[in-house]
Amino acid sequence: MEVDFLTGHALLLIEYRDHAYHILFANQKSCELFWQGDAEKYKQWEKALNTYTQPSMRYLRRGLHRVMLNGEDEELAYPLNGDFVMMDCHRVISYSGRCLLAVDCRLHKIAHEGDLFRPAYFLRNLFYLYDKVATINLTKHEIIELTQPQLRSGLHKLPLGQALAEYAEQSIYHADRKRFADFFDFKTIPERVAASKLGSIVEAFRTKGPDGTLIWKTHRIARIASSEQDIYFCVVRVSDAQDMSHYEEKCRAQYVLPSDGAEDSMQLLWKNFITGFPLPAFWKDNQRRFRGVNQKFLDFYDFDSVRELLERTDEDMNWHVHPEPFERDEHDVLEKGLTIRDVPG
């Protein structure tokens, strides 16, 4: 794609490399618009673009990330000093983990100070506090994401099941996907929301950020009053720190056996290694009883928790028609320290 450097608008060229955004070029109009010609403000703005501290920057990062991944042009609204900068974002080229984005910017001024206090203005800024705001229509089985506006073509509706499956696959940590599926169970959402004292249900999941790091994010579902259709709001935001101890312990117990005492560095290293190990793995005591498994093992054999296997042998699980060869192999490993490879089973 070509870039028009003679545009009359503010123009930014932003490169994504090494898990960060870098401003390669800013014309005079963009320098005046964003940083009033101050080089120090320019550096601060680029640094803020690569952090999660400012809601408006998180919104901008998410938009740039979508353009980078799918190559579709998108218009983003970035708040600036009480006005909005409308950003036309285009993917110029993508190669070997690097991507060049062209951002054409136009200032959209609020007509007068009174507009700052109009409900529409407040609602638009409210979206920056959330990573996602969407409506879920259980009657039509469709979802509309309000924080990913297709401003030129109106609201973009997607099949509900497809959208949630893609979100889980792309963003939700694999160990949390079972809880995610249970939380977004279409059949039980109305009953659970109606039974909630607060009129909404909430759950937190480890969610991938744009740079691949995991962040705890709270997902909340609340019903929208409607006489004709079953419609719900769903909002996603970075979780509060005080909520996390409950979820971390809950998720850890899913695949790691409880410890009698505080974890030392070796225990912590082992836990992190086995959690991310790419192949199904298990470990046993000298009586051939399961003592632990990793998440890949649970996924492969369709178990919810290690507790379904704890203190049991292969024979207890009735896994082998002829168990004797497997039993001999395990005794050779556990009692003689032998290494056995490529055994069909």
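**Figure 1. Lys217 and the pairing of strand 10 with strand 11.** In this predicted model, Lys217 stands opposite Val238 in strand 11. The two strands concerned, strand 10 (residues 214-224) and strand 11, run antiparallel and are joined by 8 bridges. Helix 5 (residues 160-171) packs on the sheet, where it touches strand 6, strand 7, strand 8, strand 9, strand 10 and strand 11, and the direction of helix 5 makes about 85° with that of strand 8.

Figure 2. The strands follow the order 8-7-6-11-10-9, with antiparallel pairing. Strand 8 (157-159) and strand 9 (200-208) stand at the edges, and each has a single partner strand, so one side of each is left without a neighbour in the sheet. From one strand to the next, the twist averages 25°.

**Figure 3. Strand 6 and its two partner strands.** Strand 6 (residues 132-137) is mostly covered, since 5 of its 6 residues are buried. Towards strand 11 (residues 231-238), strand 6 is joined by 6 bridges in an antiparallel arrangement, and within this pairing Ala134 has Cys234 as its bridge partner in strand 11. Strand 6 also pairs with strand 7 (residues 142-145), again in the antiparallel sense, over 4 bridges, and here the bridge partner of Thr135 in strand 7 is Ile144. Strand 6 and strand 7 form a hairpin with 4 residues between them, and His141, which lies in the turn, has a positive phi of about 55°. In a regular strand, side chains alternate between the two faces of the sheet.

Figure 4. Side chains of opposite charge can pair when their charged atoms come close. Glu15 forms a salt bridge with Arg17, in which the closest N and O atoms are 2.6 Å apart. Glu15 is buried, because its relative accessible area of 10% falls under the 20% limit, whereas Arg17, with a relative accessible area of 24%, is partly exposed. In the other salt bridge of this view, the side chains of Arg66 and Glu74 meet at 2.4 Å, N to O, and both Arg66 and Glu74 are buried. The count of salt bridges in the model comes to 21.

Figure 5. Asp332 forms a salt bridge with Lys336, the closest N and O atoms being 3.4 Å apart. Both residues lie in helix 12, where Asp332 and Lys336 are 4 residues apart, about one turn of the helix. Asp332 is buried, with a relative accessible area of 19%, while Lys336 counts as exposed at 60% relative accessibility. Salt bridges that share partners also join Lys284, Arg288, Asp314, Glu315 and Glu330 into one network.

**Figure 6. A nonpolar surface patch that includes Val343.** Val333, Leu334, Leu338, Ile340 and Val343 make a nonpolar surface patch of about 370 Å². Among these residues, Val343 has its place in the segment after helix 12 (324-336). Val343 is partly exposed, because its relative accessible area is 43%, a value in between the limits of 20% for buried and 50% for exposed.

Note on methods. Residues numbered from 1 in each chain as written. Predicted model: local features only at pLDDT ≥ 70, side-chain atom pairs only at ≥ 80, totals over all residues. Heavy atoms only, no water. Buried < 20%, exposed > 50% of the residue type's maximum accessible area, 1.4 Å probe, protein only. Pairing = 2+ DSSP bridges. Patch = residues over 30% accessible without salt bridge, like charges linked within 9 Å, V, L, I, M, F, W, Y side chains within 5 Å. Areas by Shrake-Rupley, 256 points an atom, 1.4 Å probe, with all protein chains shown as cover. Salt bridge = Lys/Arg side-chain N within 4 Å of Asp/Glu carboxyl O. Axes fitted to C-alpha atoms, helices over the stretch in contact; angles between N-to-C directions. Contact = heavy atoms within 4.5 Å.
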